[in-house]
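User: I am new to this structure and would like a short tour. Could you take me through it step by step?

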Amino acid sequence: MKKSVLAFGALALGVTFSAPVMAADVAACLITKTDTNPFFVKMKEGATAKAKELGVSLKSYAGKVDGDSESQVAAIESCIADGAKGILIAASDTKGIVSSVKKARDAGLLVIALDTPLEPADAADATFATDNLLAGKLIGQWAKETMGDKAKDAKVGFLDLTPSQPTVDVLRDQGFMMGFGIDPKDPNKIGDEDDARIVGHDVTNGNEEGGRKAMENLLQKDPSINVIHTINEPAAVGAYQALKAVGMEKNVLIVSVDGGCPGVKSVKEGVIGATSQQYPLMMAALGVEAIKKFADSGEKPKPTEGKSFYDTGVSLVTDKPVSGVKSIDTKEGTDKCWG
């Protein structure tokens, strides 16, 4: 993301931080779900650049795969032992990590959840994230309007993240349902819905191979499936590969969330119908600034007005806009993409 976009985003959020001051004694940690997903690669890039600018010493950690909470727990222990002032974490297990986060906060560290709120959300000092419920609603609304009258008889499949149902997974999944016109029942839980249009849910671990296998499983349940919600774009590409292998790639509408450059390219090529673009570089850069400010003054970040978290923005990206759903095209999406 261009520097001008990042600067504009910070102003749009109404977030202000102290001017950059060299402070080599300020240490921070970034803990992501993996170090291979382009989303987290860009997150690390944003944190690293901002840490260098502010003179903050940054250490980065990641799970081996999406869902590897043990590595994240070990990383928190290392950050505490190293005397870090704060931790930025995109948690794989949003419930299971809470006791480790509490230990860090009890030791005086500022803990900020990135992208994925903890459960409960106030287990962290703050959350910097996309409005993931809105991201899901946008692609759900777009899919519903794109299908028109056929939406009421749709066959919908959900390619989710992991069995532990981290909050980011639940919010995107349930948001899609709300946008598409499906009653999610308990909005904090995946899988309790009773809408006849739902073929089923499967998990992908957020990667192409997982997306392919999950899509194959859903096709076995109902080969007439014609709408697929995917947790992210790598999973969406895997789903497309599975559909193409059986000659169904033109029969199924795929929507997703992320907005990475490969994902926007997939929208342009027609692999994905629409995706909700989020901005990981901004999340991480603002997080490092917040840790620096906390180290300098003890002040903790405040949420965006009217929300329980810092909202770092979301845009629907599609080349097939529909009435009533605001979107940007792939040209603009490419200008703002990452990875």
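User: To begin, how many disulfides does the structure hold?

Analyst: The structure holds two disulfides, where a disulfide is a pair of cysteine sulfur atoms within 2.5 Å. This is a predicted model, in which local features need pLDDT of at least 70, side-chain atom pairs count only at pLDDT 80 or more, and totals for chains, interfaces and linings use all residues. Residues are numbered from 1 along each chain as its sequence is written, and side-chain values use heavy atoms, with hydrogens and water left out.

User: Which residue forms a disulfide with cysteine 29?

Analyst: The partner is cysteine 79, and the two sulfur atoms are 2.3 Å apart. Cysteine 29 belongs to strand β1 (residues 27-32) and cysteine 79 to helix α3 (residues 69-81), so the bond ties together parts that are 50 residues apart in sequence. Helices (H or I, at least four residues) and strands (E, at least two) are DSSP runs, numbered from the N terminus.

User: Is that disulfide left-handed or right-handed?

Analyst: The torsion about the S-S bond of cysteine 29 and cysteine 79 is about -125°, so this disulfide is left-handed.

User: Are cysteine 29 and cysteine 79 buried or exposed?

Analyst: Both cysteine 29 and cysteine 79 are buried. Buried means under 20% relative accessible area, exposed means over 50%, and partly exposed lies in between (1.4 Å probe, protein chains only).

User: And what does cysteine 261 form with cysteine 337?

Analyst: Cysteine 261 and cysteine 337 form a disulfide, with their sulfur atoms 2.0 Å apart. This pair links distant parts of the chain: cysteine 261 is in helix α9 (residues 261-268), while cysteine 337 is in the segment after α11 (330-336), 76 residues apart. The torsion about the S-S bond of cysteine 261 and cysteine 337 is about 90°, so the disulfide is right-handed. Cysteine 261 is partly exposed, with a relative accessible area of 24%, whereas cysteine 337 is buried at 9%.

User: Changing topic, where does leucine 316 lie?

Analyst: Leucine 316 lies in strand β12 (residues 315-317) and is buried, with a relative accessible area of 2%. Not counting residues up to four places away in sequence, leucine 316 touches several residues, among them Leu138, Trp142, Ala274 and Val325. The C-alpha atoms of leucine 316 and glycine 333, which are 17 residues apart along the chain, are separated by 8.7 Å.

User: Now the charged residues: how many salt bridges does the structure hold?

Analyst: The structure holds 23 salt bridges, each a side-chain nitrogen of Lys or Arg within 4 Å of a carboxyl oxygen of Asp or Glu. One of them joins aspartate 296 and lysine 292, with the closest N and O atoms 2.2 Å apart. These two residues are four residues apart in helix α10 (residues 280-297), about one helical turn. Aspartate 296 is partly exposed at 43% relative accessible area, but lysine 292 counts as buried at 2% relative accessibility.

User: Which residues are joined into one network?

Analyst: Salt bridges that share partners join Glu209, Arg212, Lys213 and Glu216 into one network.

Note on methods:
Contact = heavy atoms within 4.5 Å.
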